Amino acid sequence: MTRAQRRGAALRRKLGLSGRVDAEEVANIMGYRVERLPLVKQKEIEVDGIICVADSLGPEDSRWYIAHSLGHKVMHPGNQLWVYRNTLLGYRHEREAQDFAHTLLTDAGEAVREGLTRSLEVADYFGVPEEFLRLQAPLDIHGVYGAAE
């Protein structure tokens, strides 16, 4: 488990979260406000404590991008735009934010306890986009998340 995954899972445990996580509520608890805006090129952006998500996103994508933004706040404080323009850390930071979002919003142990074995079932249960779930989650011994549809 990566450092970002440990941080996301720890926050999930600390807040006593299970099932579908209300990412906006988590953001509020952490001191951020969430607003939906007509973003064209970005899916999310954080400015002055406000997480802005594209108003065109559905509930699953919105939940994911809010958690992704929280991952950046937890893992990478500071000006992310500067980091992307002036360093080679962009990919690493994106991956960490995705890892954080994944473990904040889903829990493989809970999926196993619920008897969920297919990625579509897991995505529906936790209310996250299946494509992100499949990209982020490694296969475990039970085949959770990676089973063919």
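Predicted model: local features only at pLDDT ≥ 70, side-chain atom pairs only at ≥ 80, totals over all residues.
**Sheet, core and an exposed loop residue**

Arginine 33 has isoleucine 50, a residue of S3, as its bridge partner. The pairing between S1 and S3 is parallel and runs over five bridges. Together with S2, these strands form an open three-stranded sheet in the order S1-S3-S2, and the pairing within this sheet is mixed. Strand S1 (33–37) and S2 are the edge strands, each of them pairing on one side only. From one strand to the next, the twist averages 25 degrees.

Stepping back to the whole fold, the protein chain contains eight helices and three strands. Their sequence order is α-α-β-β-β-α-α-α-α-α-α. Of the 149 residues in the protein chain, 44% are buried. Where contacts link residues at least 6 apart in sequence, 56% of them join residues at least 24 apart. The protein chain has an accessible surface of about 8300 Å², and carbon and sulfur atoms account for 54% of this area.

The largest nonpolar core comprises 30 residues, and Leu70, Leu104 and Leu105 have the most contacts inside it. At least two residues of this core come from each of helix H1 (3–14), helix H2 (23–29), strand S3 (50–54), helix H3 (59–75), helix H5 (90–105), helix H7 (119–126) and helix H8 (130–136). H3 provides the largest share, with six residues. In soluble globular proteins, nonpolar side chains tend to be buried together.

With neighbours within four places in sequence set aside, the contacts of leucine 105 include Arg12, Gly19, Val21 and Ala23. Further along the sequence, leucine 105 also touches Arg63, Trp64 and Ala67, as well as Phe126 and Val128.

Back at the sheet, aspartate 48 is found in the loop that connects strand S2 (44–47) with S3. Aspartate 48 counts as exposed because its relative accessibility is 74%, and the cut-off for this class is over 50%. Although 16 residues separate aspartate 48 from tyrosine 32 in sequence, their C-alpha atoms are 8.8 Å apart in space.

Methods. Residues numbered from 1 in each chain as written. Heavy atoms only, no water. Helix = DSSP H or I, 4+ residues; strand = E, 2+ residues; numbered from the N terminus. Buried < 20%, exposed > 50% of the residue type's maximum accessible area, 1.4 Å probe, protein only. Contact = heavy atoms within 4.5 Å. Areas by Shrake-Rupley, 256 points an atom, 1.4 Å probe, with all protein chains shown as cover. Core = buried A, V, L, I, M, F, W, Y, C linked by side-chain atoms within 4.5 Å. Pairing = 2+ DSSP bridges. Axes fitted to C-alpha atoms, helices over the stretch in contact; angles between N-to-C directions.
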